[in-house]
Structures are given as structure tokens and as C-alpha cells.
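Thanks, everyone. Let me put the structure on the screen and walk you through it.

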Amino acid sequence: MTELILTEEAKVVEPTIFDLSSPGRTGVTFPDPDVPRAELPDSMLRADLPLPELAEVDVVRHYTRLSKFNYSVDDGFYPLGSCTMKYNPKINEDTCRLPGFLFTHPLQPIETVQGNLALMHTLQEWLKEISGFAAVTLQPAAGAHGEFTGVLIMRAYHKSRGDDKRVKMLIPDSAHGTNPASSGMIGLDVVQIPSDARGNVDIEALKAQCDDTVVGIMLTNPNTLGMFDEHVEEVIKIVHDCGGLVYGDGANLNALLGIVRPGDLGIDVMHFNLHKTFAVPHGGGGPGSGPVGVAAHLADFLPAPLVGILEEGDDELAPLFGFVTPEKSIGRMKAFHGHFGGGLVRAFTYIVMHGPDGLKDIAQYAVLNANYVQARLRGVYPIPYDRICMHEFVAEGRVEGTDVRALDIAKRLMDYNFHPPTNYFPLIVHEALMIEPTETENKDTLDRFADVLIQIAEEAKTDPDLLKSAPHNTKFGRMDEVKAARELVLCCWLPEDYSNQ
Amino acid sequence: MNAPANLKYTKSDEWFDPATGKMGLTDYAQGQLSDIVFVEILVEAGDAVEAGTAIASVESVKASAEIYASAGGSAVAVNESLADAPEVLNSDPYGAGWMVQLENGAPGEVMDAAAYEAYCAEREH
């Protein structure tokens, strides 16, 4: 069987692992057992299990080739807005593989893992300092899990006060898409609040919804338009005045590090995305990590256990770290204590490496870079909420006098070896292209990216078909998204058919 | 875009036909969503439907959206065939793309075709 197929365009494609299978090939040969062989009962055997049969080397080569088809942040520029898909420094990989972190188990006696607990306790303290909150749990497994945790805390707070009629969660239309889902999962009624013309929460619309049935508001600030809400303190006050709590979606915290502390603004509860702001890998490199910070009046409700100091230390003796349970805890949100090695150690390392001034630099360079690209593209693509942006901005992927769409522009970017930005989100911008360069990119990269987007706008006018049929320089051309979404059949094609798909 | 004069329209882009009691999503909405790939009708025949509540959920290659009842009343029929042919919402939103039919349907907050066309035009810019 041939492994590589040349298509009409002489592009190399890769068969599926099932296509590479040949009966009888194996990867591993077991030694003869030194105990009597037991046969599986017939009732537990099946004849129709279509697992591929290959030698180890063929499996390795197949997946290595596939991995080369990938585009990653280690390969090139990755301007995915609202996700802060930032570069992950390689020193994090060294620290999270240190044997003392790697070869420990979460159920070990605490006396044997004091270093791990000290790291977690320190990280809790640092996240408190960075965010202005009174207490932090490291337990939630990811951002949306952190939201879920936070909303449970908000509900528990109201119930503890005998305030049982609160069922309504207010969510601006510029919020992250997970916010309504997190509230919905808890059974709350989600009420959408529109944005005003400058991309802020519409104050009048907010006031109209604020009553004694409001659990709170879930505020993404900066929001998914990349805008810092100009009335954030007023928004928070209006919600507090009707007895509601304010949830801050911390996914865009990258823009605020060292500049603004959400706790100081009056936000009551917020999740951190360590896999965004603190350079833990995500989007396939995960797992994520979504610690939650709360103001003092919610500290008793945090999930259990937290890492605490059981016995104070002194100059001679380190403190004894262990686990503590907050008084009115909502309970456990996850087996074990959060994504320790993958998330917490990496985030700890990232904070150590930057220090307070470095964290502030992150926010300032992230905001500077986004504003630079926005300035270069102004007049080339419409920018509906055109003011100083934070870490990201949203343009419309359309070009005057043409019918090209955001999707066409995104696909054409791939021909120039750039990862496309997030498109068609947020929903309140037509043909949205959401661009977040992050702080690590230098001016040369930003200029190349802006130059290419300007050139694509020219191409849209002179040769729109070039965009509509893009990408041309990639392993595969334009995928049929409609067919892929309507015909949910994943199957192995024969290689002859494969090249025609 | 197309907005037949005999129908009533909501700000959230649904239509209501006072003559037949049928409801669905507008041509403007299907154009904005682009290719629709999934439809789930959330009510069943016999259900009481309140205007403004969700009656269906649709997904396109761009986005997912809730479809709200443009009128209130008792559901007498739902269009089961949409589940297997969501593309009908793109090709025939006012005909074969109807979603729920009401008996004695009373329109919610609706406008006429001219007002709806003006409302859509305003949102284009």
C-alpha cells in the first residue's frame, strides 16, 4: 500500500491510520507468560472490532507526519482574540517536569508533599494580590468550570441570607459565550443586556432588568470587543444596589495585569484562566486551569479544600501546609486539587519569571500591540467600535465594493502562513474578525501581519475569487464546512477517494 | 432580503402568519446566519406557547441562535421535517421552513413588513 498520495495539484495528503492497516501487523510482541494462560470467555470476545493493525514505526511516522501539518504558536503568529493564545515559555516545561512535582500523588500524606503545597499556597496568595480578591481556590479545571464554580458561590450566598427568589443572571451581549451556558447549567434564567454605541453595557437596559430577582451580572471586562467598559463602576453599583453580585469573567485579564485589580473595582467573584493569562498551554496542549477569586463576603463559600497553613512557622522552621475547608463551602468541584503540574506549576513559574513589573509590562505591551495593528488597519477594514482598544479589537471582515466575507479573508491569511484570527465572534459585529496579537510579538511581525491584511483587502477588489477559493498554499484547500456540519459521518476513505475530497 | 407583506415580524427576526398561525425565522435572519446545519424544535404539538419564549434552536456554520415565539397560543403542529433538512430554512424560510403552527395565535411584539424592512436596513450600518 502506498503511504503518500499525490493529488492532481501534486499535494501530499495522509491516509487515515485505518487505511494504513494491514492484517497481522503488530506493534508489540509480548514475551511468553510464566503463568498459565487464561482464555477470555467467548461471551466477552467480539469478532468485529475494527482496530488498525500496524508496526510501531508506521504509527510513529503517521502521527509525526500529521503533526507537521499543524500550525502552532511555536511556528508562527497566532492572533486568536478572546482566547489569549499566547506563547508558552519553555522554562515552564522544565519546572513542571521537576521530579518532586512530577512523581507525587494528590493523596500522599501532606508531610511528604510540603513543597507542592507551599507552591499552591503561594500561588493562591499571588493571585489574590494580582486580582485584589480576599481568597482564591485553585480547584476548577478550566475557565467555564471556574464560571460554574463562581455562579454556584453566588447562588449559595443569596440562599444563605434567605434570599430565595433570585433566579435571573444578567449577561451583556459582549460577554464570553460560556457565561450563559454556565448560568443555564445551574438553572438560572439568562437575560441578555445590549451594548451601547461605544461597546459599553447599555446602562438604561441594565437598570430596567435590575430588581430583587437578580442573582447578579456576568461581566467580561475588557469585553469581547476588546473594550474596557467606561462605566464599569456604575454597572457594578447598579447591580449591587438591587442586591445582586458581580461576576467578572477573567479570560481577558491579560490586558489588566498590574494596572487594574478587578477586586478593587467592586467585582465579587472572578475566574482566572491560567491557560490564557499565565501562559499555561491550551487549545489541545491543555489541560486548562480556572482558579476562582472572591471578595471577603464570599470567602466562606469557596470549594473545599483550600491550601492553608496548619501550623505557623518561624525563622527556623517552615510552616506546615495542609488543607482547610471554608465554613459554608459549596463542596468539592473536582477530584484532587486542581491541575497541579500542568497548570499550577507552569503559572507559578510564569509569575516568578516576570515579577510584578514584568506582569505590568505584559499588559502594557499586549494593549500597545493590539492598538498598533488596529491603527494600521483603520480605513482598510471597518472597525465598528473604534476607540482605544485593550488587548484585542474587532474589525469587520468586509471590503467596500466587494462581496468577500470574513471567512474568505481568514482563509486567505493561511496562504501567507498566518493563523486566521477568531471569526464570526462576537456575534454583535457583522463578519467579525477579532484580533489579539498578545505581548510577545515584535513590531516586524505585527507589520508583516498588517501588510498582509492590507494586501488581502486589495486582492478582494482586484481578484475576489482568489479569496473565495483560498487557501491555496496549504496541504488542503477550502473545506466544505456545510457538508462537514450536516453529514456527521467520520469514516476512513480509501486513499483513491481521499484525494478527491 | 424578502419580507412578505402578509406576515408580522419581531425584532429578533421571527415571522408570524396571522392567517395560518405559523411561525418561523425570517429571510434576513437566515442570510445573517448563512448555511444552517442543525435545527431543534423545542416545543411539541399540544404545548401552550408564550410569545417571546424559545421555540427552536438553530445552528449555522457561523453561529447558533435561539428562535423565539412571535406569537402565543396552543401549538397544533411542529415541522418535524426540518430536523433532517435544515437547509430548507435557507432556501424557503417563509414556506417549507415554518417551525411551529399555533391555534388562535395572538401575536406578541410584532411589526409589519415595511417597518421590519426599515429595521433590517438600519442594522446593516
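A:Pro426 sits in the loop between β13 and β14 of chain A. Its peptide bond, from A:Phe425, is cis, with omega near 0°. Helices here are DSSP runs of H or I with at least four residues, strands are runs of E with at least two, and both are numbered from the N terminus.

A word on the source. This is a predicted model, in which local features need pLDDT of at least 70, side-chain atom pairs count only at pLDDT 80 or more, and totals for chains, interfaces and linings use all residues. Residues are numbered from 1 along each chain as its sequence is written, while chains are lettered from A and ligands numbered from 1 in the order in which they are written.

β13(A) pairs with strand β14 (residues 432-435) of chain A in the antiparallel sense, over 2 bridges. Pairing requires that DSSP finds at least two bridges between two strands. A:Asn423 has A:Leu433 in β14(A) as its bridge partner. These strands belong to an open sheet of 3, ordered β12-β14-β13 (chain A), with antiparallel pairing. β12 (393-396) and β13 (422-423) of chain A are at the edges with a single partner strand each, so one side of each has no neighbour in the sheet. Helix α11 (residues 406-415) of chain A lies across β13 and β14 of chain A, and runs at about 40° to β14(A). For angles, axes are lines fitted to C-alpha atoms, for helices over the stretch in contact, and values run from 0 to 180 degrees between N-to-C directions.

Other backbone points. Most residues other than glycine have a negative phi, and most peptide bonds are trans. A:Ala304 and A:Pro305 are joined by a cis peptide bond, with omega about -10°. A:Pro305 is in the loop between β9 (292-294) and β10 (306-311) of chain A. A:Phe336 is not a glycine, yet its phi is positive, near 65°. That residue, A:Phe336, lies in the loop between β11 (320-324) and α10 of chain A.

Now α10 itself. How does it pack with α4 of chain A? Helix α4 (residues 114-131) of chain A and helix α10 (residues 340-377) of chain A meet at an angle of about 50°, with axes 10 Å apart. α4(A) and α10(A) are therefore oblique to each other. The scheme: under 35 degrees is roughly parallel, over 145 roughly antiparallel, 65 to 115 roughly perpendicular, and the rest oblique. α4(A) passes α10(A) in a left-handed crossing; that is, the near helix is turned anticlockwise from the far one by less than a right angle, and clockwise would be right-handed. On the α4(A) side, the residues that meet α10(A) include A:Leu119, A:Leu123 and A:Trp126. On the α10(A) side, A:Phe340, A:Phe348 and A:Ile351 are among them. The contact divides into 12 nonpolar, 2 polar and no charged residues. Ala, Val, Leu, Ile, Met, Phe, Trp, Tyr, Cys and Pro count as nonpolar, Asp, Glu, Lys and Arg as charged, and the others, Gly among them, as polar. Contact means C-beta atoms, placed from the backbone, within 7 Å.

Next, the sheet of 7 strands. This sheet is open and mixed, with the order β3-β9-β8-β7-β6-β4-β5 (chain A). β3 (135-137) and β5 (189-193) of chain A are the edge strands, each pairing on one side only. Neighbouring strands are turned by 20° against each other on average, direction ignored. Strand β6 (residues 214-220) and strand β7 (residues 245-250) of chain A pair in the parallel sense over 5 bridges. There, A:Gly216 has A:Leu245 in β7(A) as its bridge partner. Helix α6 (residues 178-185) of chain A packs on this sheet, touching β4 (168-172), β5, β6 and β7 of chain A, and its direction makes about 175° with that of β4(A). Helix α8 (residues 232-241) of chain A lies across β6 and β7 of chain A, at about 165° to β6(A).

Zooming out to domains. Chain A is assigned domain 1 (91-353) and domain 2 (361-486), with bounds from an automatic or database domain assignment. Their centres, taken over C-alpha atoms, are 31 Å apart. 18 residues of domain 1 of chain A are in contact with 16 residues of domain 2 of chain A.

Last, chain B. 5 residues of chain B are in contact with 6 residues of chain A. The chain B side has 3 nonpolar, no polar and 2 charged residues.

Notes
Contact = placed C-beta atoms within 7 Å.
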